[in-house]
Each structure stands twice: as structure tokens, then as C-alpha cells.
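The stops below are meant to be selected in order.

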Amino acid sequence: MRLLTITAAMLVAGMATAETVAPADVQFDEDGAVAVSLTGQPGDAARGRDVFATKSKGNCVSCHAVAQLADVPFHGEVGPELSWTGDNRSAEELRGIVADAKMTFEGSMMPSFYKTKGYIRPGDAYTGKAPKTDELPPLLSAQDIEDVVAFLLTLQES
Amino acid sequence: LSAPLAMAGGADDDTMVINDETEMVTKTAAPAHLDGAVDEVISGWHFRSDETQSLQLDDFDNPGMIFVDQAMDVWNTAEGSEGKACADCHNDPAETMVGVKATYPKWNEEAGEVRTVQMQVNDCRVNRMGAEAWKYDAGKAVSMEAMISLHSRGMPMSVAIDGPAAAMWEKGKEMYYTRTGQLELSCANCHEDNYGNYIRADHLSQGQINGFPVYRLKNAKLNGVHSRFKGCVRDTRAETYSPGSEDFIALELYVASRSNGLSVESPSVRN
């Protein structure tokens, strides 16, 4: 029980546990893909759907339209529609894009979701105030990313 | 495949005529200094719904006019140790304030600085009236700016960017293109690369400021330029700057220059 509590607390703080790859340790290949799962745990597509659609989580829908999310109002147009992503992209590619899209698409407008430093004028979330710590918590946790990747893989034409 | 998910983007083709008489320039060739970054500058009005747009077409419907009327009362009221009102020195603003808004922010030779309209007003309050400075972008300051701006309505924005203002302008330009905050987004990412696109439910405009101060339906009051900048910077998960700060003055100068050629619309109406 005690051990579990500690693990949960460490996950919340965005730190590495035995299986979790820390943001600074993610290995991108030359095309920006990430071969190894960030958690060693399979992604949960249902949870990933929630991360994708929820404003306080990934908020991916603010930039991407997805036909399979017809129940979610207001899909953005800043990024490409992702309704066929599961047909076109592998888990490794998607993991790399969601962790840090700039490794796949140079200079991409898509935020880097698994990164903690290297920002210009970082703030404390949406408060507009200075951050409390040097390193910021990543926008998404390792498991959030695995879950979103699992969700993206379900986005297929048929 | 299925019904379109995203709403149709782009600027609309409506024309803006205020009070059935004043034709406004809401789209025009971009000023030379934009150098191909965008070909055309477009008022934020073109990206709003028909209902919101119509509120700006008639002064009786424009909720911003209430604040203009309030500022007119203040204009005529003596304040401070000198017992003077704005009107004592500037008479009728419909004569003396014509064209002011179109050229601000502006280099002030005597003070050796770039000044916004609100800074100029506060200079008169403090140094000529012996009154307290108004808080930046707060109630009276922004209402007075709207009243002064109204007397330039329909005139083309023509902010000078050369000479002694050039250094501030360069600083503002650099800010405009710097990707700030944890989302690493610049003004240009949203307002240059993506105007016309929806970002969630928001239809992105070019982020022009020819309509400021603007009455926003969202908070039911007049909003100053720096307050809007603050909101946009905060939305990149960055540490913002303060209204009235040198950073925001520089950014205002630069963004105002991007509006050069568009009609002054203040007070405009947005959601």
C-alpha cells in the first residue's frame, strides 16, 4: 500500500519510476519516432480519447478535427484532420509526434507535450504568472501519451 | 466521408458602413514593412458572426458608446490641483482630437519616448492638471481612449515606425515573432499563419488593433490593447507582461503598424 502511494506521488510529479521514461531521456530516432513505450504499460484508448478531447488535458481537438469525435463540439483547423491517422502512422511515429512534434516536423506549431524545459518566458500554467519551479511539469504524463497513441491508432477509415 | 467537422473559415465579404454613412476600409493591401508576410490586412470584424458585426454598424446599438459618453463627462470636469478640465485646454474633442488615434503610439520628442494615447492623457493629468494618473487600461483610462479614438473613426491607421521610434518598433516586431510559454506559440503562429482558421471555437483573426478599445460581449466592457495582449500571452502558458509596461508599448507600436491602412474603428465590438 505504502509503496503504491509513493509511486503515484512520483508519477504526479512527472518523475521517472522504474518503467517510466523521463522527458529528458526519451530517445527519438532521426525521423522523430520513439520506439520504446514511455511507461511499459499498454495505452488505454478510451482514456486517450478523453485526453484528446478535454480542454484541461491534451486539448488536441482545439487544433485537429476527428470525425469519430462527432459528440465533441468545435474541432479546430490549425492542424490536419486526424480521422485516418491509424491507417497512416505507426505507434512509434505517433508516440514521437505526441511527445515532441518538433522532432518530426521541424518548427511545428504543435506544442511539445512531453518536455519540461527550454522555454522562452515560461509561465505557471494559464495563470500568466512566473513558474514556481525551473522545470515545468510536462503538459501530459507518460501514460497520457501512451493512451492518446492508443486512441490515435483506432482512428481508421473502415 | 462525413459532414464537415470544422466550421468554414476565412474572412467574410461583408462591407462595413457605420450609421449608414461612414464607409470603412476593413481590407486593404498590407503596408510595405510587412514585406509579403501577409498580402492583405483585414479587420477583426470580418471574422465575427453577423450578429456581433451588426452591433458595430449603428452607434445606437454599439454598447461601447455608453463609455464614450461617460468619458465626455469626464472631459468637461475639472480635476486636480490646477482646477482644470481637459476641455479647458483642448476645447471640443471633435475638433482637437481628430486624427490622434490614427498615429499612436507615437514618439514624443520632449519626453524622448514612445507614448500611447493613455500615456499622453496621464501626462496631461499629472503634469498639467495636478491630478492622479489613471490606472492603465482600467475604466476611465480606456473610456477616455475610446472617446478620443472615436474622433479618428474612418481615418486610416498611419503609425510612424521610422526615426526615433524605430528601436521600439524592432523590439515589438521581435516580440511578435517569438514563441513564448510552454505552448511555444508566437503572435504570428496564430494571427499570421492561421488567421481564418478555427482554433477550437475561436475564429482566428489577424489580431489587428485598429478597433481598440473594443467592447467585448464576453466581459461586457471596453478592453484596452494591452489587456488583450495579456490574455493572448497568458494563453501560451507564458508569464505575461503588465499593461503599460515598456514591452507592451513596443508590441502595441508594432501591431498598430500592422494595421496601417485600415480604418480606425474604435470603439469596435467583438465577442
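Predicted model: local features only at pLDDT ≥ 70, side-chain atom pairs only at ≥ 80, totals over all residues.

Residues are numbered from 1 along each chain as its sequence is written, chains are lettered from A and ligands numbered from 1 in the order in which they are written, and side-chain values use heavy atoms, with hydrogens and water left out.

**Stop 1: B:Gln206**

Select B:Gln206, in the loop between β8 (202-203) and β9 (214-216) of chain B. Helices (H or I, at least four residues) and strands (E, at least two) are DSSP runs, numbered from the N terminus. B:Gln206 has 3% relative accessibility and so counts as buried; buried means under 20% relative accessible area, exposed over 50%, and partly exposed in between (1.4 Å probe, protein chains only).

Which backbone atoms does the side chain of B:Gln206 reach? One is the backbone oxygen of B:Glu40, at 2.9 Å, and another is the backbone nitrogen of B:Ile42, at 2.8 Å. Leaving aside neighbours within four places in sequence, B:Gln206 is in contact (heavy atoms within 4.5 Å) with residues including B:Phe47, B:Tyr176 and B:Tyr195.

**Stop 2: aromatic rings**

Next select B:Phe47 and B:Tyr195. Their ring centres are 6.4 Å apart and their planes stand at 90 degrees, so the pair is edge-to-face. Rings of Phe, Tyr and Trp (its six-membered ring) pair if their centres lie within 6.5 Å; planes under 30 degrees apart count as stacked, over 60 as edge-to-face and the rest as tilted.

B:Phe47 lies in the loop between β4 (40-42) and α1 (50-55) of chain B, and B:Tyr195 in the loop between α8 (187-191) and β7 (198-199) of chain B, so the pair ties together parts 148 residues apart in sequence. B:Phe47 is buried at 3% relative accessibility, whereas B:Tyr195, at 28%, is partly exposed.

**Stop 3: chain A against chain B**

Show both chains. The contact takes 43 residues from chain A and 31 residues from chain B. Finish on B:Glu184 and A:Lys115, which form a salt bridge with their closest N and O atoms 3.1 Å apart; the rule asks for a side-chain nitrogen of Lys or Arg within 4 Å of a carboxyl oxygen of Asp or Glu. Across this interface there are two salt bridges.

Terms used:
Polar contact = N/O pair within 3.5 Å; in protein donor to acceptor, adjacent residues only side chain to side chain.
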